[in-house]
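Hi,

Here is the structure I promised to send over.

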Amino acid sequence: MSPLDSKLPPAARANAREQEGLKKRGLGAPPAIRKGEDGEGSLQVHQDPSMKIEGAKVFSVYGKGGIGKSTTSSNLSVAFASLGKRVLQIGCDPKHDSTFTLTGHLQPTVIDILKEVDFHAEELRPEDFMTEGFNGVMCVEAGGPPAGTGCGGYVVGQTVKLLKQHHLLEDTDVVIFDVLGDVVCGGFAAPLQHADRAMIVTANDFDSIYAMNRIIAAVRAKANNYKVRLAGCVANRSKDTDEVDRYCDAVGFQRIAHMPDYDAIRRSRLKKKTLFEMPDEEDIVMARKEYVRLAETLWNGTEALAPDPMEDRDIFELLGFD
């Protein structure tokens, strides 16, 4: 236990710990909160320039809750690894199951591990918070703040800081951020501050496309101050893509992959495996090829898309109910 814990009340302990951390970083005050720079009404802490990820290609995966972001991210990570790339996948969800199929188990989160050492990151070793998954993919679960408290952006920032302190990004070719659910605040959009490209996982239905429309707006806001741009969307677990394609045509977006509603994908989650570890059944082989094709597309570079998100009324008129 830190000496601070026995001498000061909780609020004072938090303030003292913050001041101690700022002193170590050579800062006299926390990073400035900037208003409005990422869009009207925005209020958030911006990325510390020293935390910039350099050398690797960085992708952030977004989409509606339950749409299959973790399944997509994990299989995409293995696809990149099959191309000879050194891959790091970072799960950004309190549920911490992003890397479940890569490792076969739920990993402890960075935030939980940092709590155990009273946020003294120098006491940690890489193996305390990182696990090697299938095909050499390195796996980290950032986790999230307790329900109703804190900010997802802080969690992402602490994770990247820890990775940099241990020099774990220097030998990495690809970093994939797998981000929780719908983007409702700047904290959940924090991985966009690090990413080169953002990819959206959607389905051929109104709710998924509505969420995609909000994510496009979030990426456009971040693009005002950061290098991130949109790569495109993946139609996931969808027999058809007509509604997705109709939306993309309307706003100037692009579908870059299609993953049909194969039962094998559902079964892979139950077996705690990626599709690349499953038997060579016809639909599994086809799905693997699509993930490898997507990895090749992203690695070779995609057009920097800048679609114009729709107003709610317009998207209801395009895809909503008669």
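**What I found**

Let's start with V137, which sits in the loop between β5 (131–132) and β6 (138–141). Keep in mind that this is a predicted model.

Is V137 buried or exposed? Its relative accessible area is 0%, and buried means under 20%, so V137 counts as buried. Setting aside neighbours within four places in sequence, V137 is in contact with S77, V78, A81, V87, Q89, L102, T131 and E132. R86 is worth a look too: R86 and V137 are 51 residues apart in sequence, yet their C-alpha atoms are 7.0 Å apart in space.

The other spot to check is S70, where UniProt, in an unreviewed entry, places the feature "binding site". S70 is part of helix α3, which covers residues 69–82. With a relative accessible area of 16%, S70 also falls under the 20% cut-off, so it is buried. Which residues does S70 touch, not counting those up to four places away in sequence? They are Q89, D97, S98, D178 and R269. Q89 turns up in the V137 list as well as in the S70 list.

As for the whole protein chain, there are 12 helices and 10 strands. The chain has 322 residues, and 50% of them count as buried. If you take the contacts between residues at least 6 apart in sequence, 72% join residues at least 24 apart. The chain exposes about 15400 Å², with carbon and sulfur atoms supplying 50% of that.

Cheers

Technical notes:
Residues numbered from 1 in each chain as written. Predicted model: local features only at pLDDT ≥ 70, side-chain atom pairs only at ≥ 80, totals over all residues. Heavy atoms only, no water. UniProt positions renumbered as here; feature names shortened; annotations may be inferred. Helix = DSSP H or I, 4+ residues; strand = E, 2+ residues; numbered from the N terminus. Buried < 20%, exposed > 50% of the residue type's maximum accessible area, 1.4 Å probe, protein only. Contact = heavy atoms within 4.5 Å. Areas by Shrake-Rupley, 256 points an atom, 1.4 Å probe, with all protein chains shown as cover.
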